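Hello,

The structure we discussed is below, followed by notes on what was found in it. Please read them with the model open.

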Amino acid sequence: MGFESLHEGLKLLRYPVIWIAGIVSAIFAFMTMWFSMTETLSFYGDKVLMMWLVAMPFFIAATYGSIKSGNYSPAAYFREGLRYYFRVLLPAVFISFAAFLFIFIVMIPGSLAGSSGQMLSVISGFIFFIPCLILVFFFDTAAVFSDLKVFESIKKSITGVMLKPFNVAGFFLVLILLSLVLVFGLAIVWSGLLADELMPLTEMSAEEMSEYSADPEMLFSMLGDTGIMVTSLIYSVGSMLIISVMLPFKAVFYRKYLEGAEIPLVISPDSPDIAAEEGIAGQGEYDEKGRWYKYS
């Protein structure tokens with residue numbers, strides 16, 4: 001299931017426009033990392049990150065729109081981005097706000113209970129947050145492929161995940177495996193390119209290592225300008241690859257397994273006029289309790 005969708009998604013990378021979202025993400029990722037790690041430019045890191053979050057829904061919508069229409073010309077790409085931009089942006093804003101509110105509420109008891117209680121709150125919040133994230137993960141594909149509005153796209157994502165749990169589990173297993181391979185591969189390249197800069201870490205004690213982990217600026221100063229540039233480049237390459245692969249993979253999976261996932265319509269036999277108006281006569285059956293179930 002997951003590997004089949006991944007294979008079909010990778011085939012779509014032969015169209016140049018499918019790479020645009022990944023390239024744009026790489027540019028923003030490089031700028032965000034570089035600015036954040038450079039003391040004189042750190043002020044602009046958050047600003048670039050905000051621009052990244054606002055811009056990406058356009059390119060995500062354009063990518064899905066091109067796959068939906070089958071038209072991979074640049075003109076069609078940007079036209080689809082304009083058409084579905086707010087269909088992707090608004091649910092993302094709502095989900096982000098709900099996630100922030102959820103985290104804030106979860107952290108309140110922990111902050112009152114001290115460090116141990118705060119850690120327990122973080123773990124509990126993480127356990128509940130991940131399933132919620134999985135439920136709404138396909139809101140953007142639902143917004144474009146099913147042409148749905150804000151809450152309808154979120155509802156469609158939740159419905160699809162609940163009706164096809166094994167298919168969704170296969171999708172996330174493949175996505176996690178792909179991400180791990182990418183992260184470990186880039187980590188090896190990064191450590192190889194910066195072997196000289198990272199050499200002092202091998203000679204540090206546990207106390208010194210904890211100091212470096214608690215203060216990232218110490219690590220940035222150790223890497224130097226060259227290390228910051230290489231780190232930013234590796235980060236941008238990783239962002240480009242994961243976005244370029246995940247979007248067509250996710251689009252193909254949604255169309256194949258989740259787009260047609262709907263809860264069966266139940267109509268009471270006491271209202272035959274409604275059934276007649278909906279044109280479902282002869283397209284379903286009554287159960288032992290006399291309820292009408294429409295065939296999907």
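**Salt bridges**

Lys250 and Asp140 form a salt bridge, with 2.9 Å between the closest N and O atoms; the term stands for a side-chain nitrogen of Lys or Arg within 4 Å of a carboxyl oxygen of Asp or Glu. This pair links distant parts of the chain, since Lys250 sits in helix 11 and Asp140 in helix 6, 110 residues apart. Helices here are DSSP runs of H or I with at least four residues, numbered from the N terminus. Lys250 is buried at 3% relative accessibility, and Asp140 is buried at 6%. Buried means under 20% relative accessible area, exposed means over 50%, and partly exposed is in between, with a 1.4 Å probe and protein chains only.

Before the rest, a note on the source. This is a predicted model, in which local features need pLDDT of at least 70 and side-chain atom pairs count only at pLDDT 80 or more, while totals for chains, interfaces and linings use all residues. Residues are numbered from 1 along each chain as its sequence is written, and side-chain values use heavy atoms, with hydrogens and water left out.

Side chains of opposite charge can pair when their charged atoms come close. The count of salt bridges comes to four. One of them joins Arg87 to Asp147, with the closest N and O atoms 2.7 Å apart. Arg87 lies in helix 4 and Asp147 in the loop between helix 6 (139–145) and helix 7 (150–163), so this pair ties together parts that are 60 residues apart in sequence. Arg87 is partly exposed, with a relative accessible area of 25%, and Asp147 is partly exposed at 37%. Asp147 also has a positive phi of about 55 degrees, although it is not a glycine.

Another salt bridge is found between the side chains of Lys256 and Glu4, at 3.8 Å from N to O. Lys256 belongs to helix 11 (residues 216–258) and Glu4 to helix 1 (residues 2–11), so the contact ties together parts that are 252 residues apart in sequence. Lys256 is partly exposed, with a relative accessible area of 36%; Glu4 is partly exposed as well, at 41%. A network of salt bridges links Glu4, Glu8 and Lys256.

**The largest pocket**

Rolling a probe the size of a water molecule over the atoms shows where empty space is left. How much space lies in the largest pocket? The value is about 1200 Å³. The search uses a 1 Å grid over the protein atoms alone, and a pocket is an open set of points where a 1.4 Å probe fits, with protein on both sides within 12 Å along at least five of seven lines; lining residues have an atom within 4 Å of a point. Grid points are joined across faces, edges and corners, and the volume is the space filled by probe spheres set on the points.

The largest pocket is lined by 34 residues, and the closest to its centre are Leu53, Ala92, Ser96, Leu133 and Phe139. Helix 3 (45–69), helix 4, helix 5 (115–135), helix 6 and helix 11 each give two or more residues to this lining. Helix 4 supplies the largest share, ten residues. By class, the lining has 29 nonpolar, three polar and two charged residues. Nonpolar here covers Ala, Val, Leu, Ile, Met, Phe, Trp, Tyr, Cys and Pro; charged covers Asp, Glu, Lys and Arg; the others, Gly among them, are polar.

**Surface patch**

A nonpolar patch on the surface is formed by Phe97, Phe100, Leu101, Phe104, Ile105 and Ile108, with about 630 Å² of accessible area together. Such a patch takes residues with over 30% relative accessible area and no salt bridge, and joins nonpolar side chains (Val, Leu, Ile, Met, Phe, Trp, Tyr) within 5 Å. Accessible areas come from the Shrake-Rupley method with a 1.4 Å probe, and for residues only the protein chains shown count as cover. Phe104 is in helix 4 (residues 74–113) and counts as partly exposed, at 48% relative accessibility.

Regards

Technical notes: Patch = residues over 30% accessible without salt bridge, like charges linked within 9 Å, V, L, I, M, F, W, Y side chains within 5 Å.
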